[in-house]
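Subject: Structure handover

Hello,

Here is the structure for you to look at. My notes on what was found follow below it.

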Amino acid sequence: MAESTLAPDHRPGWAAVVTWLAAGVLLLLVGGGVTAVGTGAPGLETQPFTRISCHEVCTAKDGHVWHCFGVSPAQITAAAAKERRAREDALRAHRPGTTPHQPRTPALRTRLTLVAHDGRHDPAEVAATRVGSRWIAHAPGVVGTGVALLPAGAGATALGVVRLRNARSTTGNSAA
């Protein structure tokens, strides 16, 4: 009979194995999701935005501004229709028995996150993907973050698998 080299009361760290595996899988999922958002993967709602205005002059080290505002093609169409109705209402306001002209509401704009920006000139057009209620601009920094998370997740998963194999072989030796 083979004798175990482990003390009889020592059990392998299953909690550590599960933690490493869970962390690895989580990092892989997050890395894949961030990469998909940064590139505008098929199946995600992606739109181009124009009329970009970034109120921040100071940019991050890699040339990204956290928050800018842009207008989508649907918003441009809606604003044009609203302006046309306002002009028609203004013409009708001078006729007897019509309601007075209502003041114009400001055009709708969408808040964009992580826009590639040089700090001097706002970009002409930005493509962005919707994540919940936020729009994340397609930028090399976003893709780079997702790609960096993928090997970290693969490494953590591999470490969990190695620990799992070691734990199984240790348990198998002590049972014999």
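**Glutamine 75 and its surroundings**

The backbone nitrogen of serine 72 lies 2.9 Å from a polar atom in the side chain of glutamine 75. This is a polar contact, meaning a pair of N or O atoms within 3.5 Å, where within protein one must be able to donate a hydrogen and the other to accept it, and where residues adjacent in sequence count only if both atoms are side-chain atoms.

Before going further, note that this is a predicted model, in which local features need pLDDT of at least 70 and side-chain atom pairs count only at pLDDT 80 or more, while totals for chains, interfaces and linings use all residues. Residues are numbered from 1 along each chain as its sequence is written, and side-chain values use heavy atoms, with hydrogens and water left out.

Glutamine 75 sits in helix α2, residues 73-92. Helices (H or I, at least four residues) and strands (E, at least two) are DSSP runs, numbered from the N terminus. With a relative accessible area of 15%, glutamine 75 is buried; buried means under 20%, exposed over 50%, and partly exposed in between, using a 1.4 Å probe and protein chains only. Not counting residues up to four places away in sequence, glutamine 75 touches Phe49, Gly70, Leu108, Arg109 and Thr110. A contact here means heavy atoms within 4.5 Å.

**The aromatic pair**

How many aromatic pairs does the structure hold? There is 1. Its members are phenylalanine 49 and tryptophan 135, with ring centres 5.1 Å apart and planes at 70°, so the pair is edge-to-face. The rule is that rings of Phe, Tyr and Trp (its six-membered ring) pair if their centres lie within 6.5 Å; planes under 30 degrees apart count as stacked, over 60 as edge-to-face, and the rest as tilted. Phenylalanine 49 belongs to strand β1 (residues 46-53) and tryptophan 135 to strand β5 (residues 134-137), so the pair ties together parts that are 86 residues apart in sequence. Phenylalanine 49 is buried at 1% relative accessible area, and tryptophan 135 is buried at 6%.

**Strands and core**

Strand β1 pairs with strand β4 (residues 125-131) in the antiparallel sense, over 5 bridges. Two strands count as paired if DSSP finds at least two bridges between them. Glutamine 47 has alanine 128 in β4 as its bridge partner. β4 also runs antiparallel to β5, joined by 4 bridges, and threonine 129 stands opposite isoleucine 136 in β5. β4 and β5 form a hairpin with 2 residues between them, and glycine 132 in the turn has a positive phi of about 65°.

The largest nonpolar core has 10 residues, including Phe49, Leu112, Ala128 and Trp135. Such a core is a set of buried Ala, Val, Leu, Ile, Met, Phe, Trp, Tyr and Cys residues joined through side-chain atoms within 4.5 Å. The elements giving two or more residues to this core are β1, β3 (110-116), β4 and β5.

**Salt bridges**

A search of the whole structure finds 3 salt bridges. A salt bridge is a side-chain nitrogen of Lys or Arg within 4 Å of a carboxyl oxygen of Asp or Glu.

- Arginine 130 pairs with glutamate 45, the closest N and O atoms being 2.9 Å apart. This pair links distant parts of the chain, since arginine 130 is in strand β4 and glutamate 45 is in the loop between α1 (14-39) and β1, 85 residues apart. Arginine 130 is partly exposed at 35%, and glutamate 45 is partly exposed at 37%.
- Glutamate 83 meets arginine 87 at 3.4 Å, N to O. They are 4 residues apart in helix α2, so about one helical turn separates them.
- Glutamate 88 meets arginine 84 at 3.9 Å, N to O. Both lie in helix α2, 4 residues apart, about one turn of the helix.

**Helix α3**

Leucine 159 is found in helix α3, residues 140-175, and is partly exposed, with 34% relative accessibility. Leucine 159 and glycine 24 are 135 residues apart in sequence and 8.6 Å apart in space, C-alpha to C-alpha.

Regards
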